[in-house]
Amino acid sequence: MLMTLQHLKYAVKVADVGSMNEAAKQLLISQPSLSAAIRALEEETGIDIFKRTNKGVYVTAEGSAFLEHARLIVAQYDYIEHQYVRAHEKKKRFAVSTQHYAFAVKAFINTVKQLNLSEYQTAIRETRTSEIIKDVCASRSELGIIYLSKSNEAYMKKRLKNDNLEFHYLFECSIYAYLWHEHQLAHKPSISYQELQQYPYLIFEQGENSVSFLSEETESKYTFPDVIRTNDRATMMELIRHIHAFTICCGIMDDVYKKQGFIAVPIDTDETMKIGYVTLKNAKLSPVSEEYVRQLKVFGQNSNI
């Protein structure tokens, strides 16, 4: 007999499960065939790889040294097969990183509904602005959803350029305060920043070392005395509901939130939010990402500027 890769795989499997019967089941061969293959391997190598007992099989000292080399060979073969032989069988990837926008999630849902998910690995990450940039830089996400404004545009464009990223404009929004419908200011036609001063201000936490330009809330330079930080959109909405707090964002509010009693009231300011996505410089979007961008633009048609 000439030792083959298959014999090495058999020996590794027996060592992993500690049973000829169980190894045979997982390898989809008969137990006598597996036992015969292992005996033939032992005869060719001249060592006892396994010690057989009534309670199962155990790896011998000589077998342990042999299996160390066998595992390396099997692992290297599996890697080559995965990377090259079966490369065409790998799932396609569609991943997005975004600031905490419900419309970005809805656009993702609408896009994913059109896919055969058995052919794709999909992911959406609502995360910090700096993490969005890192995700796109490292190609963990094909694109990242952020905004630019008068307050942060110069800084962000310089940051993106340094990271070999570019910003693609989608649409522009006015600035709104998100409130619970029972809030004292909820039904005013518009609100000033001064009127909001007495209420807790909710912002998404950006990390200890982040700069204000990375804030998800435009006009972040405006000072509010009571600030609460969170990293979760659902938590923020619960705080808005229960402690008469507010946050600042675009006015594209999810219908689910509207039905629950949340309201978006325009703020008296000439500041706007330019919603867009970032990609690696000169990157060409995949067809799925192009559809996602199209879905984002549909929500942008409902923006308020």
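## Confidence in the model

This is a predicted model, and its protein chain has a mean pLDDT of 90, with 93% of residues at 70 or more. If you look element by element, helix α4 (residues 61–85) has the lowest mean pLDDT, at 84. Strand β5 (residues 143–148) has the highest, at 97.

## Overall build

Let's step back to the whole chain. Its secondary structure comprises 11 helices and 12 strands. The radius of gyration is 29 Å, well over the 19 Å that the globule rule gives for 305 residues, so the chain is more spread out than a compact globule. Its C-alpha trace spans about 85 × 40 × 35 Å along the principal axes.

## Surface and charge

Of the 305 residues, 45% count as buried. The chain exposes about 16400 Å², and carbon and sulfur atoms supply 50% of that area. As for charge, there are 36 positive and 37 negative charges, and their mean positions lie 3 Å apart.

## A closer look at helix α6

Helix α6 covers residues 129–137, and its buried residues are T129, S130, I132, I133, D135 and V136. What do the buried residues of α6 pack against? Their strand partners are β3 (92–98), β4 (120–126), β5, β6 (165–174) and β12 (272–280), and they also pack against helix α7 (153–162). Among these partners is β5, the strand with the highest mean pLDDT among the elements of the chain.

Just after α6, S139 adopts a positive phi of about 60 degrees.

Definitions and conventions: Residues numbered from 1 in each chain as written. Predicted model: local features only at pLDDT ≥ 70, side-chain atom pairs only at ≥ 80, totals over all residues. Heavy atoms only, no water. pLDDT = per-residue confidence, 0-100. Helix = DSSP H or I, 4+ residues; strand = E, 2+ residues; numbered from the N terminus. Rg over C-alpha atoms; globule rule 2.2 N^0.38 Å. Buried < 20%, exposed > 50% of the residue type's maximum accessible area, 1.4 Å probe, protein only. Areas by Shrake-Rupley, 256 points an atom, 1.4 Å probe, with all protein chains shown as cover. Lys, Arg positive; Asp, Glu negative; His and termini not counted. Charge placed at Lys NZ, Arg CZ, Asp CG, Glu CD. Contact = heavy atoms within 4.5 Å.
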